[in-house]
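This report walks through one protein model, beginning with a single residue and widening the view step by step. Please keep the sequence and the 3D view open beside the text while you read.

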Amino acid sequence: MPDGFKGLRIYNTLTRRKEDFVPLDAANVRVYVCGPTVYDFAHIGNARPVIVFDVLFRLLRYLYGEDSVTYVRNITDVDDKINARALRDYGAEIEAGGLSLNEAIRRVTEKTAGQFHADVAALGCLQPSVEPRATEFVLPRADGRPDMVNLIQRLIDGGHAYEAKGEILFDTASMPDYGGLSKRKLEDQQAGARVAVDPHKKNPADFVLWKESSAEEPGWEATFTIDGKEVAIRGRPGWHIECSAMSAAYLGEVFDIHGGGLDLIFPHHENEIAQSRCAHGTETMANYWMHNGFLQVEGKKMAKSEGNFVTIHDLLAAENFGGRKWPGEVLRLAMLMTHYREPIDFSQRKLEEAEGVLDGWYRAVGDAEAAGMICADTLGALLDDLNTTGAIAALHELRAQAAKGSEGAKAALKTSGALLGLLEKSQEEWFSGKAAGASIDEAVVEAEIAARLSFIREKNFAEADRIREDMAARGIQLMDYKDPETGERRTRWEVKR
């Protein structure tokens with residue numbers, strides 16, 4: 001830990017309070033984050049946890065050393081949504097006998113996983129230490145790492161699972177403190193919470209560990225010992241058991257941090273905890289649980305029915321959000337400008353604001369190398385529950401010093417920005433890349449001019465100069481003149497390439 005800092009503090013969803021982070025082993029800090037279900041291109045809601053936990057990964061590597069952090073982010077490539085997408089896209093070929101369902105599923109998952117990797121790379125995210133695929137952990141493995149079938153058998157042996165109508169279900173009543181993460185009491189769920197009520201379940205909250213597959217559905221041949229008898233069920237795993245197996249395979253039965261979106265607290269993470277604790281006989285699965293807040297688009301919940309469903313690919317490569325393509329770094333900063341636990345309203349205006357900030361930072365940094373010290377205020381903010389908003393405020397201060405010619409501030413801005421996954425291009429790469437695909441939104445320019453004139457009237461010349469510099473960095477020259485009739489300051493503009 002750098003001198004002068006007490007250490008990292010994390011808001012732990014499990015305890016509902018901010019706590020000092022104390023790893024189980026400082027030489028092997030272990031983190032697991034739920035990754036994508038690869039049935040479609042990842043949307044911008046999926047981008048938020050990827051970016052948030054990439055910053056956490058970078059911070060932990062800085063604090064403990066690159067070789068002392070293991071970050072696992074899985075890929076779910078077995079799911080009923082994937083099956084449905086395969087039938088939709090390749091149904092004709094399957095019916096004609098030219099393609100099996102498993103082959104169709106592989107095509108879907110390979111395509112969407114490949115696009116996911118391209119998208120998150122464009123967002124400036126590091127590769128996780130390990131990226132396991134769920135299908136590789138269904139059956140017992142040659143390397144002996146934990147798998148789903150054996151994990152389910154351990155639950156059966158411990159009296160925590162039972163078979164009913166071709167399914168193996170987790171018996172929630174067998175775990176007295178089930179619901180500790182979400183703070184949901186089992187009796188409240190039985191009284192009518194949002195859980196599937198199926199007559200073959202012992203309790204409404206019981207959830208599927210293994211489900212039988214029809215001849216037309218993908219499945220694995222598995223045999224379980226139940227009440228002393230071998231029961232063969234060709235089937236596929238439930239969603240929750242996948243992460244319990246993959247996390248144990250690479251991080252152990254108990255590890256440091258488990259992360260994901262707020263929507264995963266219940267039922268996914270709650271059920272992961274139940275499975276893992278009961279299978280391994282441990283008091284916890286992970287010591288710290290971190291969850292990022294919800295995302296909406298232009299003030300509304302993102303949904304295809306609302307017409308505001310936006311994928312990462314749409315923003316990076318298409319022109320259907322604001323009529324232009326956006327650099328990945330702009331999307332990244334736009335996400336980090338809101339604290340990870342707070343809800344975020346994703347909008348074109350937020351992207352424009354982030355782009356303006358980055359233009360100013362790149363202009364101030366110039367050709368400086370990332371060789372300076374990490375800014376103490378930036379690091380201090382990140383150590384306080386990953387407070388990226390505070391870290392960004394500190395970068396603004398560095399930018400002001402760098403704009404005045406401070407070489408130390410330039411290097412510190414470059415180095416500190418890199419801790420957030422920002423400012424990793426050269427100034428030339430940034431502006432030439434933007435110019436190659438940029439289009440001018442006249443309404444945005446006029447809004448910036450109006451804001452600048454307002455700052456001038458308020459004698460806030462620093463902000464007025466910032467807008468002029470940011471416009472210049474975008475290739476837009478502002479020219480002031482006096483209105484011949486009123487004598488008021490006016491501004492016209494033109495594009496300079």
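## A residue in strand β8

Thr 225 is found in strand β8, where strands (E, at least two residues) and helices (H or I, at least four residues) are DSSP runs, numbered from the N terminus. At 35% relative accessibility, Thr 225 counts as partly exposed, a class that lies between buried, under 20% relative accessible area, and exposed, over 50%, with a 1.4 Å probe and protein chains only. Not counting residues up to four places away in sequence, Thr 225 touches Gln 153, Ile 156, Asp 157 and Glu 230, and contact here means heavy atoms within 4.5 Å. The C-alpha atoms of Thr 225 and Arg 133, which are 92 residues apart along the chain, are separated by 26 Å.

## How the model is to be read

This is a predicted model in which local features need pLDDT of at least 70 and side-chain atom pairs count only at pLDDT 80 or more, while totals for chains, interfaces and linings use all residues. Residues are numbered from 1 along each chain as its sequence is written, and side-chain values use heavy atoms, with hydrogens and water left out.

## The protein as a whole

The protein has 16 helices and 16 strands. Its radius of gyration is 26 Å, close to the 23 Å that the globule rule gives for 497 residues, so the protein is as compact as a globular protein of that length; the radius is taken over C-alpha atoms, and the rule is 2.2 Å times the number of residues to the power 0.38. Taken along the principal axes, the C-alpha atoms fill a box of roughly 95 × 60 × 45 Å.

Of the 497 residues, 53% count as buried. The accessible surface comes to about 22300 Å², of which 47% belongs to carbon and sulfur atoms, as computed by the Shrake-Rupley method with a 1.4 Å probe. Among the contacts with a separation of 6 or more, 72% are accounted for by residues 24 or more positions apart.

## Two pairs of helices

Helix α4 (residues 148-157) and helix α6 (residues 239-251) pack at an angle of about 105°, with their axes 9 Å apart. The axes are lines fitted to C-alpha atoms, for helices over the stretch in contact, and the angles run from 0 to 180 degrees between N-to-C directions. α4 and α6 are therefore roughly perpendicular to each other, given that 65 to 115 degrees counts as roughly perpendicular, under 35 as roughly parallel, over 145 as roughly antiparallel and the rest as oblique. In this contact, Met 148, Leu 151, Ile 152 and Leu 155 of α4 meet Ile 241, Glu 242, Ser 244 and Ala 245 of α6.

Helix α11 (residues 376-383) and helix α12 (residues 388-403) pack at an angle of about 175°, with their axes 7 Å apart, and they are therefore roughly antiparallel to each other. Asp 377, Thr 378, Ala 381 and Leu 382 in α11 meet Thr 388, Gly 390, Ala 391, Ala 394 and Leu 395 in α12. Within α11, Thr 378, Leu 379, Ala 381, Leu 382 and Leu 383 are buried, and what covers the buried residues of α11 includes β1 (9-12), α1 (44-64), α12 and α13 (407-419).

## Backbone angles and a cis bond

Most residues other than glycine have a negative phi, and most peptide bonds are trans. Lys 165, however, has a positive phi of about 50° although it is not a glycine; Lys 165 is found in the loop between β5 (161-164) and β6 and, at 70% relative accessibility, counts as exposed. Asp 227, in the loop between β8 (220-226) and β9 (229-237), has a phi near 55°, a positive value in a residue other than glycine, and at 77% relative accessibility Asp 227 counts as exposed. Just after α11, Asp 385 takes a positive phi of about 55°.

The peptide bond from Phe 266 to Pro 267 is cis, with omega near 5°, and Pro 267 is found in helix α7 (residues 265-280).

## A glycine in a loop

Gly 180 lies in the loop between β6 (167-170) and α5 (186-190) and is partly exposed, with a relative accessible area of 29%. Leaving aside its neighbours within four places in sequence, Gly 180 is in contact with Leu 14 and Glu 270. The C-alpha atoms of Gly 180 and Thr 13, 167 residues apart along the chain, are separated by 9.9 Å.
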